[in-house]
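The sequence and the structure are shown first, and the description follows.

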Amino acid sequence: MQIQLLFFGAFGDVLAEGPRDFADGISAKDVAAILANENAAFAAIYAKKGSRIAINQTICPPEQFLKDKDILAFLAPVSGG
């Protein structure tokens with residue numbers, strides 16, 4: 001199945017957005033693990049408290065399963081005041 005990947009904040013500095021094929025029955029957490037295995041900088045950002053995942057513009061738990069043509073966004077932690 002094809003998933004559109006989006007990366008915001010620091011994630012966008014280390015990975016390029018675009019469609020990618022994954023096996024059916026994969027969760028957002030599984031995709032994050034694949035990306036972390038491929039890219040150490042992604043892994044470091046994802047491990048920080050405050051990283052979030054959105055599927056089709058809705059924040060969701062990482063365990064949520066994906067469907068063909070879903071949009072999976074990784075939102076880096078933010079700081080400021």
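Two strands count as paired if DSSP finds at least two bridges between them. In this predicted model, Ala54 stands opposite Ile59 in β4, and three bridges join β3 to β4, the two strands running antiparallel.

**The sheet**

In general, the strands of a sheet pair through backbone hydrogen bonds, either parallel or antiparallel. Here five strands form an open sheet with mixed pairing, in the order β2-β1-β5-β3-β4. The strands β2 and β4 stand at the edges with a single partner strand each, so one side of each is left without a neighbour in the sheet. From one strand to the next, the twist averages 35°.

| Strand | Partner | Sense | Bridges | Opposite residues |
|---|---|---|---|---|
| β3 (residues 52–55) | β5 (residues 71–75) | antiparallel | four | Arg52 and Leu75 |
| β3 | β4 (residues 58–60) | antiparallel | three | Ala54 and Ile59 |

The strands β3 and β4 also form a hairpin with two residues between the strands, in which Asn56 takes a positive phi near 55°.

**Helices α2 and α3**

Two packed helices are described by the angle between their axes and the distance between the axes. Helix α2 (residues 28–38) packs against helix α3 (residues 40–47) at an angle of about 130°, and their axes are 5 Å apart. Angles of 65 to 115 degrees count as roughly perpendicular and those over 145 as roughly antiparallel; α2 and α3 are therefore oblique to each other. The crossing of α2 past α3 is left-handed.

Which residues meet in this contact of α2 and α3? From α2 come Ala32, Leu35, Ala36 and Glu38, and from α3 come Ala40, Phe42, Ala43 and Tyr46. Of the residues in this contact, seven are nonpolar, none is polar and one is charged.

Helix α2 is also placed against the sheet: α2 lies across β1 (2–8), β2, β3 and β5, and runs at about 60° to β5.

**Aromatic pairs**

A pair of aromatic rings is described by the distance of the centres and the angle of the planes. The whole structure holds seven aromatic pairs. One of them is the edge-to-face pair of Phe11 and Phe74, with 5.9 Å centre to centre and 65° between the planes. This pair links distant parts of the chain, as Phe11 belongs to helix α1 (residues 10–14) and Phe74 to strand β5, 63 residues apart.

How values were computed:
Residues are numbered from 1 along each chain as its sequence is written. This is a predicted model: local features need pLDDT of at least 70, side-chain atom pairs count only at pLDDT 80 or more; totals for chains, interfaces and linings use all residues. Side-chain values use heavy atoms; hydrogens and water are left out. Axes are lines fitted to C-alpha atoms, for helices over the stretch in contact, and angles run from 0 to 180 degrees between N-to-C directions. Angles under 35 degrees count as roughly parallel, over 145 as roughly antiparallel, 65 to 115 as roughly perpendicular and the rest as oblique. A crossing is left-handed if the near helix is turned anticlockwise from the far one by less than a right angle, and right-handed if clockwise. Contact means heavy atoms within 4.5 Å. Ala, Val, Leu, Ile, Met, Phe, Trp, Tyr, Cys and Pro count as nonpolar, Asp, Glu, Lys and Arg as charged, and the others, Gly among them, as polar. Rings of Phe, Tyr and Trp (its six-membered ring) pair if their centres lie within 6.5 Å; planes under 30 degrees apart count as stacked, over 60 as edge-to-face and the rest as tilted.
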